[in-house]
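Please look over the sequence and the model below before reading the notes. The notes are grouped by topic.

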Amino acid sequence: MIHQCFFREDQAQQLFPAPPYRGFGLEPDVNPDLTRVCPELEHPAVRLALVEYAAMLYHWRNPDSDHDPWIGFTSYRQLTKSTFQFRDSAQVADLLQQAQLLSWGVWDLRRQRLHWLTGAAAQAEIASPMLHRFTVDVLARFDVKVPAAYFIGAAVPLANYWAMRRDDFDAYMQWSWPIIQWALALDHPFKHQSPVLASIDQRKAVGYFAERLFAIWAMREGLQMAVLGEVKIA
């Protein structure tokens with residue numbers, strides 16, 4: 001399934017009505033099952049911090065909730081960023097015979113520049129000041145280097161709009177969850193509200209980082225990506 005994340009009942013009206021899409025509530029009010037095998041999600045601050053990554057954690061911990069051999073995620077407000085929609089589940093399965101990663105939230109960031117930063121790193125700092133510093137500081141704990149493609153990539157999957165085979169998803173979660181746990185625990189300037197960060201909600205700082213972490217992992221793994229829909233240029 002493609003799990004379409006939402007937070008409130010009124011947002012459910014924007015969900016795509018047919019398979020391969022299935023709504024997934026990110027708050028107990030709209031998803032009483034949310035905390036099953038996920039005690040971390042009992043805490044409102046953690047749910048807010050993780051944003052869509054909470055849905056990934058749930059489905060990793062509860063594989064019985066989705067029996068497809070592939071899995072994907074998108075948002076109730078996807079149409080504001082990408083108009084691409086799958087016809088049916090067979091289309092997803094067919095495309096995953098040709099590529100390891102399907103993404104419909106892709107940006108060409110080769111023109112982005114900020115001081116010495118380029119590409120996705122520069123765009124991160126422009127959109128969320130100190131996000132790249134946070135990314136580097138968190139990854140240093142695990143001796144993970146940001147790949148070169150992150151600085152020059154013509155096709156960067158920025159939003160949590162993607163699908164891949166279940167074994168690849170499990171590999172990503174095994175790699176990423178310890179990093180996300182550290183990001184949640186780390187006291188860092190990026191997570192504190194300040195005048196320079198006034199334009200973003202720092203309670204969601206780890207969620208902003210998690211989107212970048214997925215792109216970094218996909219680049220490190222060299223996943224063959226199929227870009228679905230338009231590539232946006234920044």
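Predicted model: local features only at pLDDT ≥ 70, side-chain atom pairs only at ≥ 80, totals over all residues.

The crossing of helices H2 and H7 is left-handed.

**Helices H2 and H7**

- Helix H2 covers residues 53-61 and helix H7 covers residues 166-185.
- The two helices pack at an angle of about 120°, and their axes are 10 Å apart.
- Angles of 65 to 115 degrees count as roughly perpendicular and those over 145 as roughly antiparallel, and H2 and H7 are therefore oblique to each other.
- On the H2 side, the residues that meet H7 are Tyr-53, Met-56, Leu-57, His-59, Trp-60 and Arg-61.
- On the H7 side, the contact is made by Arg-166, Phe-169, Asp-170, Tyr-172, Met-173, Gln-174, Ser-176, Trp-177 and Ile-180.
- Of the residues in this contact between H2 and H7, 9 are nonpolar, 3 are polar and 3 are charged.

**The sheet**

- An open sheet is formed by 6 strands, in the order S2-S1-S3-S9-S4-S10, with mixed pairing.
- Strand S2 (21-25) and strand S10 (225-227) are the edge strands, and each of them pairs on one side only.
- On average, neighbouring strands of this sheet are turned by 20° against each other, with direction ignored.
- Strands of a sheet pair through backbone hydrogen bonds, and the pairing can be parallel or antiparallel.
- Strand S3 (residues 70-75) and strand S9 (residues 162-165) run antiparallel and are joined by 4 bridges.
- Which residue in S9 is the bridge partner of Phe-73? The partner is Trp-162.

**Helices against strands**

- Helix H2 lies across strand S1 (2-6), S2, S3 and S9, and runs at about 155° to S3.
- Helix H7 lies across S3 and S9, and runs at about 105° to S9.

**Val-156**

- Val-156 is found in strand S8 (residues 156-157).
- Is Val-156 buried or exposed? Its relative accessible area is 0%, and buried means under 20%, so Val-156 is buried.
- Leaving aside neighbours within four places in sequence, Val-156 is in contact with Gly-105, Val-106, Trp-107, Leu-109, Ala-120, Ala-215 and Met-219.
- Val-156 and Met-225 are 69 residues apart in sequence, and their C-alpha atoms are 9.8 Å apart in space.

Methods:
Residues numbered from 1 in each chain as written. Heavy atoms only, no water. Axes fitted to C-alpha atoms, helices over the stretch in contact; angles between N-to-C directions. Parallel < 35°, antiparallel > 145°, perpendicular 65-115°, else oblique. Left-handed = near helix turned anticlockwise from the far one by under 90°. Contact = heavy atoms within 4.5 Å. Nonpolar A, V, L, I, M, F, W, Y, C, P; charged D, E, K, R; others polar. Pairing = 2+ DSSP bridges. Buried < 20%, exposed > 50% of the residue type's maximum accessible area, 1.4 Å probe, protein only.
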